[in-house]
Amino acid sequence: MFAGLLISHIDLEAPLPGHQICEYETVTTGFLGKPLLCPRHFKPSVAVSLEKTETRAGVLARLHEISKLGSNWDAYAAEPVDGTCLANARNLLTALPESIPSPEVFPNPNGTLTLDWESGDQVLSLELGAQRFSSFWQSHHRTTTAEGEITQEIPTFVDIALRVMFPDVADAPERYDERTLDVPGQSRSTTSLRVG
Amino acid sequence: MCQDNPDLLPLYVSDEEKLARALFHPFHISRSGKLYSGAFKAPAGRNDVSVNRLRALSPAACKQRAKAIRSPGEFMGFAVLSARAVRDCASEVVDSRNVYLGHADIVHEVILHKGEPAPPEFNLRLKRMAASARYVPDPNPGSEQWSGGAP
């Protein structure tokens, strides 16, 4: 469903400001059955605010409501949300394991959709266009960004961020490169990595 | 208020000034009352976001201006933030009294295109901007008067 990735602003080797390096590793599972070991300094947070978490059905119903938006829905000349954007969001939500909370979803005036997840002090924001995505992940005082083409796979960046934010999914472990966020086994032909 | 006298309203919008953006759709607001960044994004092909200067216009006057906008949805209230919060997020606030006295625009450095996601760094800044804003709902949208809290 999604692939193609450009990652920047990665500084995963440095200790977190105000934090000690966590000496443990956490096993989490990927969407594509590719579990991995988290970097030791990521301290996974499970402080999910249940009052904010909607069911998958609830979010899909919200997408249905968003699909009904017409031109100028915000009174400031907003575009209706593109049908391909909506399909991209539905595909991603359908692919999410049940253990990953549903995101908050909202439309943007230029016809795209934003999906936001929060867990403790971590935030993952994913904007879905018709052909491309952009995303940022705020985690323990550091921010990582990514953008790329939407294909048939969930973006590696989003996959990793969600696994770190919501580590309750487990499977056979596999390590990814902490420096590049590169996941072993993921196709490199559709993945462009840049570390800034 | 200096809504009738342009001489009393400086062109420069100071950092301390409060700005009110009229909202017309619940998709800009979370269930917990948090504002989404979409409330501060311009439509495709533009980079200006209309706001009212509360230094110049009372909440009631802002509401009257908002209700004059042709909208498919009902006026819901205001997103209120300071000019400093806008500038802290690398956008600018400029007076646009050519629209009406008390009108201003948040001007972003990024122009968004239809169906294309914004650069992630821009989205990060807009999320910060939205987090610094406060939603002030209108408890009586049908009325011409403002009976909500202080913006």
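What share of the 196 residues in chain A is buried? Hello everyone, let's start there: buried residues make up 41% of chain A. Before going further, please keep in mind that everything I show today comes from a predicted model. The predictor gives the complex an ipTM of 0.94 and a pTM of 0.79. For chain B, the average pLDDT is 95, and 97% of the residues score at least 70.

Let me walk you through chain A. It holds 3 helices and 8 strands. If you read along the sequence, the pattern is β-β-β-α-α-β-β-β-β-β-α. Take the contacts in chain A with a separation of 6 or more: 65% of them are between residues 24 or more positions apart.

Now please look at the run of strands in chain A that begins with β4. This strand covers residues 104-107 and pairs with β5(A) in the antiparallel sense, over 4 bridges.

Which way do the residues of β4(A) point? A:E104 and A:F106 go one way, A:V105 and A:P107 go the other way, and all are buried. As a reminder for anyone new to strands, side chains in a regular strand alternate between the two faces of the sheet.

Between β4(A) and β5(A) there are 5 residues, and the two strands form a hairpin. In that turn, A:G111 has a positive phi of about 90°.

On to β5(A), residues 113-119. This strand is mostly covered, with 6 of its 7 residues buried. On from there, β5(A) pairs with β6(A), again antiparallel, over 7 bridges. One bridge pair there is A:S119 with A:Q122 in β6(A). These two strands also form a hairpin, with 2 residues between them. The turn contains A:G120, whose phi is positive at about 60°.

Let's turn to chain B. Its secondary structure comes to 3 helices and 6 strands. Starting at the N terminus, the order is β-β-α-β-α-β-β-α-β. Of its 151 residues, 42% are buried. The C-alpha trace spans about 40 × 35 × 25 Å along the principal axes. How does the radius of gyration of chain B, 15 Å, fit with a compact globule? It agrees, because a compact globule with 151 residues would have a radius of gyration near 15 Å. As for contacts between residues at least 6 apart in sequence, 75% join residues at least 24 apart.

Here is a quick stop at one residue, B:A68. You will find B:A68 in the loop between α1 (59-67) and β3 of chain B. Is B:A68 buried or exposed? It is exposed, because there are 10 other C-beta atoms within 10 Å, and the cut-off for exposed is 12 or fewer. B:A68 sits 30 residues from B:G38 in sequence, and the two C-alpha atoms are 22 Å apart in space.

Finally, let's see where the two chains meet. In total, 29 residues of chain B are in contact with 36 residues of chain A. Which element gives the most to the side of chain B that touches chain A? That is α3(B), with 5 residues. By class, this side of chain B has 14 nonpolar, 10 polar and 5 charged residues.

So let's zoom in on α3(B), which runs over residues 120-132. The helix has 13 residues and reaches 18 Å from its first C-alpha to its last, close to the 18 Å expected at 1.5 Å a residue. Its buried residues include B:F122, B:L124, B:L126 and B:M129. What covers the buried residues of α3(B)? The cover includes elements from both chains: β6, β7 and β8 of chain A, together with β3 and α2 of chain B.

How values were computed. Residues numbered from 1 in each chain as written. Chains lettered and ligands numbered in written order. Predicted model: local features only at pLDDT ≥ 70, side-chain atom pairs only at ≥ 80, totals over all residues. Rg over C-alpha atoms; globule rule 2.2 N^0.38 Å. Buried ≥ 20, exposed ≤ 12 C-beta atoms within 10 Å, placed from the backbone. Contact = placed C-beta atoms within 7 Å. Expected span 1.5 Å × (residues − 1). Nonpolar A, V, L, I, M, F, W, Y, C, P; charged D, E, K, R; others polar. pLDDT = per-residue confidence, 0-100. Pairing = 2+ DSSP bridges.
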